[in-house]
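Please read the following points alongside the model, taking them one at a time.

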Amino acid sequence: MPDHDTADQARTITVTLPDGSSRQLGAGATGTDLAAEIGPGLARAAVAVVVDGAERDLSSSLPDGATVSVLTVASPEGRAVLRHSTAHVMAQAVTRLWPGARYAIGPAIEDGFYYDFELPGGAHFSDEDIERIEAVMREIVAEDQPFVREEHSLSEGLQLFSEQPYKREIIEGVAAVGHEASAEGAASGGVSTYRNPARAAGAQLPASPVQAGTGTGALPGSPLSPASTARDFVDLCRGPHVPSTGRLGHFKLTKLAAAYWRGDEHRPQLQRVYGTAWESRAALEEHLARVAEAERRDHRRLGAELDLFHFPPEIGGGLVVFHPKGGLVRRLMEDYARSEHERAGYEFVYTPHITKSTLFETSGHLGWYADGMYPPMEMEGASYYPKPMNCPMHILIYTSRQRSYRELPLRLFEFGTVYRFERSGVLNGLLRARGFTQDDSHIFCASEQLEGELSSLLAFVLKLLRRFGLTEFEVELSTRPEKYIGTLEEWERATEALRAAMESAGVPYSVSEGGGAFYAPKIDVHVRDAIGRRWQVSTIQVDLQMPQRFDMEYVGADNARHRPYMVHRALFGSVERFFGILVEHYAGAFPLWLAPVQVQVLPVRDDHAQYAASVADRLRDAGFRVAVVPADEPLGARVRRGKLEKVPYVLVVGDDDVTAGTVGVNSRGSERPERGVSLAELVTRLSAEAQPEHDQAGRSGPACAGTP
RNA sequence: GCCCGAGUAGCUCAGUCGGCAGAGCGACGCACUCGUAAUGCGUAGGUCACCAGUUCGAUUCUGGUCUCGGGCUCCA
């Protein structure tokens with residue numbers, strides 16, 4: 001080490017690693033140097049560094065005394081860097097293919113990325129374009145272009161992006177507001193950009209960072225010309241990025257869509273290309289397999305295959321009909337929920353589907369949500385609306401007579417079908433429908449009962465969700481939105497009561513600031529399904545507004561009148577939607593207690609039919625839903641059909657069984673059938689399994705319930 | 001509502017560079033009577049989403065409409 005003299009010795013820096021240890025590096029050392037110092041494996045996997053909590057390029061110099069961690073490609077943050085860099089590559093590909101294309105924003109999102117464009121002449125992408133763009137992206141990856149960070153003043157940025165109005169708007173927005181809003185690479189002091197110098201594959205270019213903020217702001221040989229006319233691809237961006245495009249490659253463009261600029265439907269509509277990107281071929285393929293599995297589980301597809309429900313166009317978008325099998329499953333869900341609610345002290349009510357407008361004027365819904373309601377019918381001088389919510393009607397039950405504190409908490413429950421005029425583009429099978437049934441409860445309680453009621457309510461909700469095989473929860477507290485009614489004090493009280501309930505339930509929770517309804521803060525319960533997807537199901541809302549609007553009161557122990565608290569609560573949320581979630585969660589293979597056909601009995605030959613019928617009778621007597629499949633077809637074909645229909649138990653009875661009083665048991669998901677199981681044993685086994693509580697371990701249907 | 005894509009038999013799809021449309025599965029019938037994921041033969045079934053236009057002729061080309069799907073916006 002000839003240059004290892006005392007002067008250099010003095011110029012070293014020390015950085016602290018996440019494990020608390022520290023490292024000495026030469027002054028000016030970069031993230032790349034640090035990763036290499038720690039180990040070659042880390043150097044290969046590194047995509048960026050986190051310096052004192054801020055993500056930076058690997059090529060950035062590390063300040064002395066910083067706390068530094070290396071972001072690797074397989075971490076969520078590392079993947080986000082990878083995806084964001086891939087989005088830049090895609091934008092470069094699009095500008096190569098469509099010279100003059102304008103590019104707007106291109107962030108990393110869950111599992112992938114997108115980029116929004118405006119093509120010259122208002123052109124649109126077509127499906128074939130996906131392949132063309134991908135091909136150019138692969139060229140760019142092969143070229144191994146460095147991502148070179150540059151800093152510019154705001155005016156330089158405006159000049160650089162003189163032909164990119166969306167970039168200019170971002171920069172101008174920052175300049176006007178003057179606050180730190182650096183998501184797209186602009187901050188009040190200036191802007192940062194990333195340049196991908198165009199070059200032939202295999203050529204070498206220095207990839208060192210360039211600090212150009214104070215001077216002309218240009219790379220040698222790269223004048224500050226408008227980004228879209230330069231040969232290089234330059235994008236406004238905060239970073240960080242992978243060192244070069246050669247680090248990318250395991251990507252796939254997935255779909256095209258239109259998206260409004262800045263999400264505003266009054267602004268121009270841009271062309272969005274979605275893609276996914278991963279650190280390895282294997283990870284990409286695993287992701288694509290997950291997507292395929294989700295498609296295989298699509299409740300609309302399974303709903304048709306299993307003859308559960310459909311949406312007749314003759315009736316109208318977003319309006320479902322349940323077929324006998326789907327109706328049976330739904331009834332089982334409802335029956336179970338009903339009996340559990342009764343045990344928990346709920347009382348069942350029924351209310352009409354339409355009401356005079358005055359009710360929703362009193363509640364405030366017409367003022368706030370008229371757009372989402374079906375238009376009214378004029379009758380006898382009054383306007384009658386289909387109800388979008390049940391709560392005002394439950395309130396009328398409460399106010400039908402004077403209430404005493406001895407009656408509280410009063411818990412009213414209804415499977416209340418409501419109609420909401422969802423815009424056509426948002427409809428999504430059972431998951432977003434125009435007519436649906438809320439399992440709607442309203443709990444009226446005294447002030448001092450609020451915290452206790454909320455805690456037991458949340459526990460009750462989670463218990464029931466577990467019975468439906470959903471065991472992984474994330475709870476979210478949504479606080480006061482910008483548009484709200486009521487006083488700050490009331491919101492504070494209600495929000496804190498909800499927070500206390502979440503804490504006592506012992507579940508992880510997050511807070512969505514401003515996410516509440518206009519009349520109430522709320523808790524939303526999210527569940528993870530069998531393949532890890534997140535669904536919002538239950539909601540609990542404390543409402544301090546309706547009791548006032550409807551002038552609700554009760555007579556307290558002090559003989560004075562008091563205002564009750566009101567809690568809105570839906571457990572399934574929408575019965576239809578929850579049904580759809582369950583279909584996807586179980587991949588159509590409902591647990592025994594919910595399966596529309598629980599058992600099929602297959603006589604081997606016609607002359608076993610009588611014995612098969614007696615087996616079926618015995619099981620029916622024990623309370624099971626049984627079908628006999630006669631020997632019109634070969635046994636193998638009937639077994640196959642039973643499997644495809646996802647019947648939990650396919651029983652085969654032949655000569656041996658007739659003699660011994662047994663059955664052959666082919667249970668769903670098992671590799672091989674069991675022979676010679678006695679009827680009594682079978683009944684015992686099935687009876688245990690048919691309890692809703694049986695399926696609480698988070699077990700779901702077989703991951704692959706299709707053909708072998 | 002907006003952008004993109006798709007509508008052919010009950011389902012999944014092929015096909016027609018413009019000349020009165022096909023497969024597999026399913027359904028139905030007959031035969032087969034079988035021990036664990038497809039028995040054989042046969043029959044029926046389509047206004048090629050709908051309406052215009054171009055053409056000797058349109059399922060095919062053009063325009064419009066409807067429905068469905070993917071996104072965007074929205075979701076009390």
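**Notes on the predicted model**

1. A polar backbone atom of Ala631 lies 3.2 Å from a base nitrogen of RNA strand B, a polar contact being a pair of N or O atoms within 3.5 Å, where within protein one must be able to donate a hydrogen and the other to accept it, and residues adjacent in sequence count only if both atoms are side-chain atoms. This is a predicted model, in which local features need pLDDT of at least 70 and side-chain atom pairs count only at pLDDT 80 or more, while totals for chains, interfaces and linings use all residues. Residues are numbered from 1 along each chain as its sequence is written, chains are lettered from A and ligands numbered from 1 in the order in which they are written, and side-chain values use heavy atoms, with hydrogens and water left out.

2. Bases of RNA strand B are also approached elsewhere: an N or O atom in the side chain of Asp606 is 2.9 Å from a base nitrogen, and a backbone N or O atom of Gly654 is 3.3 Å from a base oxygen. Elements giving two or more residues to the surface near the strand include strand S13 (250–260), strand S14 (269–278) and helix H19 (635–644), helices (H or I, at least four residues) and strands (E, at least two) being DSSP runs numbered from the N terminus. The largest share, eight residues, comes from H19.

3. Around RNA strand B there are 60 residues, of which Gln269, Arg640, Gly654, Asp655 and Asn666 come nearest; a residue is near if one of its heavy atoms lies within 4 Å of the strand. By class, this surface has 24 nonpolar, 17 polar and 19 charged residues, where Ala, Val, Leu, Ile, Met, Phe, Trp, Tyr, Cys and Pro count as nonpolar, Asp, Glu, Lys and Arg as charged, and the others, Gly among them, as polar.

4. Pro630 sits in the loop between strand S32 (626–628) and H19 and is partly exposed, at 42% relative accessible area; buried means under 20%, exposed over 50%, and partly exposed in between (1.4 Å probe, protein chains only). Apart from neighbours within four places in sequence, Pro630 is in contact with Pro603 and Arg638, contact meaning heavy atoms within 4.5 Å.

5. Is Asp116 buried or exposed? Asp116, in strand S8 (residues 112–118), is buried, with a relative accessible area of 2%, and its side chain makes a polar contact of 2.6 Å with the side chain of Arg272.

6. Arg675, found in strand S35 (residues 674–678), counts as exposed at 63% relative accessibility. The side chain of Arg675 makes a polar contact with that of Asp656 (3.1 Å), and, not counting residues up to four places away in sequence, Arg675 touches Asp656, Val663 and Gly664.

7. The axes of helix H18 (residues 609–621) and helix H21 (residues 679–689) come within 11 Å and cross at roughly 35°, axes being lines fitted to C-alpha atoms, for helices over the stretch in contact, with angles from 0 to 180 degrees between N-to-C directions. The contact is made by Val615, Arg618 and Leu619 of H18 and Leu679, Ala680, Leu682, Val683 and Leu686 of H21, which by class gives seven nonpolar, no polar and one charged residues.
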